[in-house]
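Please have the viewer open as you read.

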Amino acid sequence: MGFLAFLAAVAITLTCVFCQPKQEEPPDGKELRSPWVPEGYERDWEHSDEFDGDKLDMNKWLYREECGPESCQLPEMVSLVEGNLRVQMSRLEKPVPVPSGNYSLNYAGGGVITKDALPYGYFEARIKFWEHPGFWMSFWAATAESIDKEACQSCKNVSQPRQEIDLFEHNGGVNAYQYNFIKWHPVPRIYVAGRRIYPDTEINKEFHVWGMEHTPIETRLYLDGVLFGSADWNTMYVREMSDFHYWLSAIITIHITHCITDESKLPGEMLVDYFRYYRPKTGPKFVFSEPDGEAAKGKAKKAKGAPEKRVRVGGTD
């Protein structure tokens, strides 16, 4: 082989090695990309977490810390166990008096909140519920990073737009969940969309994958890859939209939580295998295929000559 031919072969080899996109290698057999991640997104490793360490990564997370409405949310109720985030639920050793009322809180829950507010993208978590009644488990997104108004920095900015998306809210022991899309500020407040769902399959005893594709004009919610809810943001201006902190938590709220009927089952636990954030790739316009069946009703007709509904998320063509 001539010297020039050799250099050409080396150049081709280096091109193959260094110019190919880095692949997601699953450690210990764990899949790092579920089959339900939409096209057009890439993993944001800085804000994703497989929970494979021995303690919570405080560069990524905040603890949910407050007492109320019917339980105290405490950092010690959160831990990493066997590759999962574990949020425990239990009875307090000593009841906590409520200053604003004549009663005490007897139970403890907890949760975590993303330290950074995250922009548009696809979000996914694999979660196993506690299967017994008593606690209200949720995966949700909010402008605020704390329930405590004193600790909530975003709450102190009165001009800050505020919204909430509940991917799911779930009563332990009940084979049902609900989702909500709410605009809190600026006024008028709007309940954009929501529904309580009674699925055909059991959701309390196994891990399930919950996903959300969030864009400036529409947000879609998925359970194990199946669309179960969506919201059209046409009722809001883009400037009213805000980045979200993502919450994973388990609490007691007496108005919507079923009573704990058997304390011998405590402590309970909600397990989270992973939290993953996929950001839009730089450049392309992203495509939503039109949903089938009931979800497609009420959609505006596509413009003539426009075969697809395109969503501009970012970047350039």
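A cavity here is a set of grid points where a 1.4 Å probe fits but cannot get out. Keep in mind that this is a predicted model. How many cavities of 30 Å³ or more does the structure hold? There is one, and the volume of the largest cavity is about 40 Å³.

To find that space in your viewer, select H47, K60, W61, T114 and F275, which line the largest cavity. Sorted by class, this lining consists of two nonpolar, two polar and one charged residues.

## The nonpolar cores

In soluble globular proteins, nonpolar side chains tend to be buried together. In this model the largest nonpolar core counts 50 residues. Which of them have the most contacts inside the core? They are L85, I127, F139, W210, Y246, L248 and F275. Strand 17, spanning residues 268–280, supplies the largest share of this core, with four residues. Another core lies apart from it and has six residues, including C72, M77, L92 and L105.

Setting aside neighbours within four places in sequence, L85 is in contact with F51, L56, V78, S79, L80, V112, L248, M270, L271 and V272.

Now turn to strand 14, residues 218–223. Why can this strand be called largely enclosed by the rest of the structure? Six of its six residues are buried, so the strand is largely enclosed. E218, R220 and Y222 point one way, while T219, L221 and L223 point the other way, and all of them are buried.

Strand 14 has antiparallel partners on two counts. Strand 13, residues 208–214, is joined to strand 14 by five bridges, and Y222 is the bridge partner of G211. The hairpin between strands 13 and 14 runs through three residues.

Strand 15, residues 226–232, is joined to strand 14 by six bridges, and these two strands also run antiparallel. Here R220 has S230 as its bridge partner. Two residues lie between strand 14 and strand 15 in their hairpin, and D224 in the turn has a positive phi of about 50°.

Terms used
Residues are numbered from 1 along each chain as its sequence is written. This is a predicted model: local features need pLDDT of at least 70, side-chain atom pairs count only at pLDDT 80 or more; totals for chains, interfaces and linings use all residues. Side-chain values use heavy atoms; hydrogens and water are left out. Buried means under 20% relative accessible area, exposed over 50%, partly exposed in between (1.4 Å probe, protein chains only). Two strands pair if DSSP finds at least two bridges between them. On a 1 Å grid over the protein atoms alone, a cavity is a set of points where a 1.4 Å probe fits but cannot get out, and a pocket is an open set with protein on both sides within 12 Å along at least five of seven lines; lining residues have an atom within 4 Å of a point. Grid points are joined across faces, edges and corners, and a volume is the space filled by probe spheres set on the points. Ala, Val, Leu, Ile, Met, Phe, Trp, Tyr, Cys and Pro count as nonpolar, Asp, Glu, Lys and Arg as charged, and the others, Gly among them, as polar. A nonpolar core is a set of buried Ala, Val, Leu, Ile, Met, Phe, Trp, Tyr and Cys residues joined through side-chain atoms within 4.5 Å. Contact means heavy atoms within 4.5 Å.
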